[in-house]
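Visitor: Could you take me through how to read the faces of a helix and the lining of a pocket?

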Amino acid sequence: MHKNPKTPEELAEELLGRRFDDLDREDREVLNRIATGSIVGPNADELAALHATRADRLADRVAAVGGSWGFIIAFGVVLFGWMLLNSTLLQAIGIKPFDAYPYIFLNLMLSMLAAIQAPVIMMSQNRQADKDRITARHDYEVNLRTQLEIIRLHRRFDHLMEYLEARRSAEDGEEC
């Protein structure tokens, strides 16, 4: 019967019809995993967590908070409170508002917040893009591994059919 290839080099020749050294890194990794019988590597979230620095985790938290409805509602309440305080409440008790209309100090604070928040959110988006690339690589590996296993099973089935045909032919020859 057919000998099952055990090394990645044999798998590359049999399944892909190419030399192992001619394959790209991801294809070689897939063949190594098939040869060793190991499962697919860690997923994107696990890899990102392994390589995340304190600044990366902080950027993710800031992006998560800054991009939530809770933040938008709370920030709206703060803005409304600021305007209410500096428009009517302080004047009603006889105190000169510290940031009267057109709220120049508020504008400065909002500009500074945007100047800090935007790059932090971009850092988080870059990390998400890295996770997406890892996920795409993982998906590619799973798909390639599945295709290679199907090819492998198909060839085994073909060999089995050839063997059964040969046996049937031999038995038919004995009957005559």
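This is a predicted model: local features need pLDDT of at least 70, side-chain atom pairs count only at pLDDT 80 or more; totals for chains, interfaces and linings use all residues.

Visitor: Which residues of helix 4 are exposed?

Guide: Exposed means over 50% relative accessible area, buried under 20%, and partly exposed in between (1.4 Å probe, protein chains only); helices (H or I, at least four residues) are DSSP runs, numbered from the N terminus. Here Arg54, Arg61, Ala64 and Val65 are exposed on one side of helix 4, while Ala59, Ala63 and Gly66 in helix 4 are buried. Residues are numbered from 1 along each chain as its sequence is written, and side-chain values use heavy atoms, with hydrogens and water left out.

Visitor: What do the buried residues of helix 4 pack against?

Guide: With contact meaning heavy atoms within 4.5 Å, they pack against helix 5 (69-92) and helix 6.

Visitor: Which residues line the second largest pocket?

Guide: On a 1 Å grid over the protein atoms alone, a pocket is an open set of points where a 1.4 Å probe fits, with protein on both sides within 12 Å along at least five of seven lines, and lining residues have an atom within 4 Å of a point. In this case the lining consists of Leu47, Ala48, His51, Arg127, Asp130, Lys131 and Ile134, and helix 6 gives the most, with four residues.

Definitions and conventions: Helices (H or I, at least four residues) and strands (E, at least two) are DSSP runs, numbered from the N terminus.
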